[in-house]
Structure formats: C-alpha cells, structure tokens
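Please read it alongside the structure.

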Amino acid sequence: MSISVDTFFLNPQFQGTLQSQIQQMIAEGILSGRFRQGEKLPSTRKLAMHLGVSRITVTLAYTELLANDYLSSRGRSGYYVSENAPEPPPFEAVRQSGDTVDWSRAIGRKFSGGDTPRKPLDWAQYRYPFVYGQTDISLFDHANWRLCAIQALGQKDFAALTTDYCDLEDERLVEFIVRHTLPRRGIVARPEEVLITVGAQNALWLTAQVLLTQRRTAAIEDPCYHALRDILMQSRCHLVPLPVDRDGLPPHAIPAETDVIFTTPSHQCPTTATMPMARREALLARAKELDALIVEDDYEFEMSFLNAPSPALKSLDKDGRVIYVGSFSKSIFPGLRLGYLVGAESFIREARALRASVLRHPPGHTMRTAAYFLSLGHYDASIRRQRIALKERREAMQEAIQETGLSIAGQGAHGGSSFWMRAPTGTDTETLAEELKSKGVYIEPGRPFFFGQNRPREYYRLAYSSIPSERIPKGIQIIADTLRQ
C-alpha cells in the first residue's frame with residue numbers, strides 16, 4: 001500500500017528548515033500510526049512537486065530518516081516505512097487536543113439515550129445462539145445472490161448502478177413489489193404509493209417524522225419492538241403504551257386522543273401473537289371512530305408455515321388510513337437493509353421528500369440486485385427452504401421445552417422464528433443471560449421490550465432462526481438446568 005502524496009502539506013509557521021519540517025512530518029506520521037510499517041512513501045520527485053520544494057530537499061529528509069531506521073530503501077522501488085520503525089504508542093498517549101465542550105449541554109441525548117440493546121457481533125461464536133434476526137448462512141442462497149449481483153454490475157444495468165435517482169428508486173424493484181409481493185398480502189397499490197427504504201426501521205422512522213409532532217399522540221404495543229419505542233420517544237410525541245393480550249393490541253384500550261396507532265398484527269413483537277380477523281376489523285373500526293392512522297409493521301409474514309397467513313390490515317382498509325411497512329431484510333438477510341412503505345400517495349410524497357433530504361435513495365446496485373433475485377424466482381425458493389428449516393427447528397424446540405419444563409408465554413399460531421418465554425417469578429433474565437453466555441448459550445432478555453420504570457424481568461426470547469436443529473435440545477437443557485440452579 002502506498003501513502004498518498006495528499007497526506008503531506010507544509011506549515012508556513014514552522015520554525016526550522018524545509019528539510020527538517022519534511023523529516024518531522026514523516027516521523028510524526030509513523031509515530032502516530034498513520035503511516036504503517038511496509039507502506040510506500042511518495043517518490044522524492046512527486047513529493048517535491050506537491051510541496052513546491054526542490055527535490056534535493058526531500059532527498060535529504062528521506063536520507064536522514066533512512067539513517068534513523070524510520071525508512072528503508074528498496075533500490076529502484078523507492079522508500080518504505082521501515083520494519084524496524086518505532087511502534088506507535090496507545091492512542092490516548094498521542095492525543096494532543098483536549099475536549100472542553102460540554103456535550104451533554106450542547107446536544108443532550110435525544111438519539112443515544114434509548115434502551116435498544118445491541119445485538120452481539122460475535123453471536124455465531126456461541127454454540128447455542130438463540131438470537132433473533134440474524135442470518136443462518138446455511139439457509140441463504142449465496143450462489144444465486146452472487147450471480148444476481150454480477151448481473152446488476154453488467155453494462156446493461158450500468159445506469160441503474162450509477163444513476164443518482166434523486167428522490168426516486170429502482171423501477172424494477174417497485175414493479176415486483178406492486179405486482180407480486182403486495183397482492184400476496186391482499187394489497188392493491190400503484191407505484192406512486194410505494195417508497196423503498198433502507199430497511200423497515202428506516203420506514204418506521206420516516207413515518208414517525210412525517211406523522212408525529214410534540215402535540216400528537218401515538219399508541220404503541222407493550223411489550224413492543226424496542227427500536228420503534230426509541231424512534232417514537234425521539235419524536236417527542238405523547239406516547240401511550242397499551243398492554244397486549246393473547247390476540248395482540250386491544251382496540252378498546254386505545255385512548256380517544258390517539259392520532260397514530262403502531263401495531264404488528266401478523267406476528268406481535270415480541271410475544272408472536274397473531275391478531276384474529278375479528279380484532280383486525282375492530283381495530284380498523286376504532287381507528288375510523290378516532291380518525292386515527294394505523295402503521296402496520298408486517299414483518300415475518302413470509303414465515304407463516306403452520307397456517308395460511310392472515311390478510312394484512314392494509315388489505316382490509318377501506319379508508320386509506322393504514323400505512324404498511326414491509327421488509328426484505330429479515331427474509332433475505334439483515335445486512336441487506338431494504339424495506340418499503342405503502343400508503344396514500346400524499347403520504348408517500350412527503351415521506352419521499354424526507355428520505356431525499358436525508359439519504360436521497362437506497363444504493364442502486366442493492367436495489368437492482370434484489371430486483372433480479374426476486375424476479376428470477378430465487379427469493380421464493382429461498383423462502384420455501386427457510387420455512388422447511390424453521391418448521392423443523394420449531395418442532396425440535398417445542399419438544400425440548402416440553403421435556404425440560406420451561407414455560408412458553410407466546411409461540412405464534414402461524415409460525416415465525418421465535419418463542420416468547422417466561423422464567424419463574426423473581427428471575428432476572430438479564431442476569432440469567434450473562435450466566436448462560438459463559439456456557440455457550442445466548443438468549444435475549446425481555447425487559448428492554450417493555451415500557452416504564454418497573455419492567456418485568458422474567459421474560460426472555462428464544463429464536464431458532466440461527467441455530468441448527470441438532471443443537472437445540474442441548475441448548476434448552478442448559479437453560480433449564482441453569483434456571484433450576
């Protein structure tokens with residue numbers, strides 16, 4: 001690797017010769033760790049031209065550094081940072097500028113003060129990873145995704161790759177969503193009513209920003225998707241958590257002042273409850289009575305392998321008051337960060353303008369690759385494989401749970417990829433989770449999903465999307481044994 005000539009510049013206030021300044025500049029770069037051992041320096045001619053000095057000045061500086069073993073010479077190849085050059089000290093030791101700004105007063109903690117737990121980056125290192133929302137690479141169709149990515153890099157798609165879409169998106173991807181994805185949920189929409197987002201979370205953020213103010217009220221499920229709770233708290237709206245029951249969000253509990261209702265009817269997050277048809281109709285009726293909008297997060301509807309999926313709320317909506325949030329990040333892979341919004345054209349127009357001001361549009365290559373993966377049938381084939389695997393894993397987990405006597409609080413009547421569990425009263429599952437990590441088991445404590453000061457601590461989530469069936473019984477046994485201890 002070569003060090004760019006643009007890294008160097010002269011200081012007019014430097015007290016000393018040009019030769020000593022160049023020598024000090026390079027030495028400081030090595031000592032600070034900016035220049036690494038083995039990296040090639042610019043030639044004396046290039047550096048001299050860049051700095052506007054004579055070549056002999058640069059040559060003398062290099063020669064002095066060569067004598068002090070900061071640099072090494074490789075004949076006609078040039079000068080390199082020596083393998084024997086001093087190692088840079090720890091970062092804190094070389095910091096020269098202090099930070100006297102009171103950042104707590106300057107910015108507050110509007111965005112970083114949430115309670116969303118971080119997913120472990122090393123989750124795959126656990127022998128028994130009951131972690132939700134991560135990719136099992138054994139189920140992903142890497143070969144065909146790679147072929148679609150290569151196809152999207154071809155000359156025919158060069159414009160789709162390089163174009164600045166401004167506030168638009170890939171037409172092929174939108175067309176597939178309108179003609180294939182949405183009809184499976186009973187939804188009829190025009191391209192003008194669809195907006196591609198950087199995952200479902202981005203879709204929820206855009207929605208909250210467009211619909212909510214400090215004077216408006218949002219109703220949300222309790223427990224709920226913790227990242228959504230943080231998004232709504234950032235909006236500074238009035239937030240009303242409504243405890244869910246076995247059928248999800250209870251419409252009768254929605255207060256009269258509610259402006260927007262956030263719900264996950266297909267698979268309630270995290271309890272996995274599926275909202276029955278009668279309650280869906282009651283929820284729509286309540287929203288109409290209040291003249292409120294509904295934001296439907298329809299994640300995991302593809303994972304309905306036990307029973308046929310229920311129709312989306314959006315498909316039952318006769319008034320245009322439901323805004324639908326969908327995502328490919330769960331069903332393809334989470335790192336894809338590709339989702340979409342479906343709503344009234346006027347709402348999509350506003351959300352589109354906001355997206356354009358923040359990130360313009362999702363990457364063109366990502367959208368075109370996904371469009372090929374979907375339209376060539378690879379997506380449907382991948383979903384079929386996932387359903388078969390998840391059904392097998394679910395059966396293994398349910399059997400292991402029954403044999404060990406663990407308690408299920410919610411298991412989803414239509415499928416999904418997780419169980420909502422309840423430990424014995426008095427158990428702190430955050431403490432339990434830390435203890436299980438040392439035994440190679442990863443679980444998700446339930447406390448962050450709830451609202452309020454006195455959040456229940458005995459709940460936890462066990463996902464089976466990222467763990468092979470054969471490991472599930474042993475992992476469940478370890479959990480049960482640890483709880484008994």
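Phe140 counts as buried, because its relative accessibility is 17% and the cut-off for buried is under 20%. The model is predicted. The structure holds 16 aromatic pairs.

**Phe140 and Phe373**
- The rings of Phe140 and Phe373 form a tilted aromatic pair. Their centres are 6.4 Å apart, with 35° between the planes.
- Phe140 sits in the loop between β3 (128-129) and α6 (142-152). Phe373 belongs to helix α14 (residues 364-375).
- These parts are 233 residues apart in sequence, so the pair ties them together.
- Phe373 is buried too, at 0% relative accessibility.
- Both residues belong to one aromatic cluster, made of Phe140, Trp145, Phe333 and Phe373.

**Trp420 and Phe450**
- The ring centres of Trp420 and Phe450 lie 6.3 Å apart. Their planes stand at 40°, so this pair is tilted.
- Trp420 is in strand β12 (residues 418-422). Phe450 is in the loop between β14 (444-445) and β15 (459-463).
- The pair links distant parts of the chain, 30 residues apart.
- Phe450 counts as buried at 9% relative accessibility.

**Charges over rings**
- Arg461 places its charged end over the ring of Tyr132, 4.1 Å from the ring centre.
- Arg229 places its charged end over the ring of Phe451. Here the distance to the ring centre is 5.8 Å.

**Helices α15 and α17**
- Helix α15 covers residues 378-404, and helix α17 covers residues 472-484.
- Their axes come within 9 Å and cross at roughly 30°.
- How do the two helices run relative to each other, parallel or antiparallel? Angles under 35 degrees count as roughly parallel, so α15 and α17 are roughly parallel to each other.
- The crossing of α15 and α17 is right-handed.
- On the α15 side, the residues in contact are Arg393, Ala396, Met397, Ala400, Ile401 and Thr404.
- On the α17 side, they meet Ile472, Pro473, Ile476, Gln477, Ala480 and Arg484.

How values were computed. Residues are numbered from 1 along each chain as its sequence is written. This is a predicted model: local features need pLDDT of at least 70, side-chain atom pairs count only at pLDDT 80 or more; totals for chains, interfaces and linings use all residues. Side-chain values use heavy atoms; hydrogens and water are left out. Rings of Phe, Tyr and Trp (its six-membered ring) pair if their centres lie within 6.5 Å; planes under 30 degrees apart count as stacked, over 60 as edge-to-face and the rest as tilted. Helices (H or I, at least four residues) and strands (E, at least two) are DSSP runs, numbered from the N terminus. Buried means under 20% relative accessible area, exposed over 50%, partly exposed in between (1.4 Å probe, protein chains only). A charge sits over a ring if NZ of Lys or CZ of Arg is within 6 Å of the ring centre and within 35 degrees of the ring normal. Axes are lines fitted to C-alpha atoms, for helices over the stretch in contact, and angles run from 0 to 180 degrees between N-to-C directions. Angles under 35 degrees count as roughly parallel, over 145 as roughly antiparallel, 65 to 115 as roughly perpendicular and the rest as oblique. A crossing is left-handed if the near helix is turned anticlockwise from the far one by less than a right angle, and right-handed if clockwise. Contact means heavy atoms within 4.5 Å.
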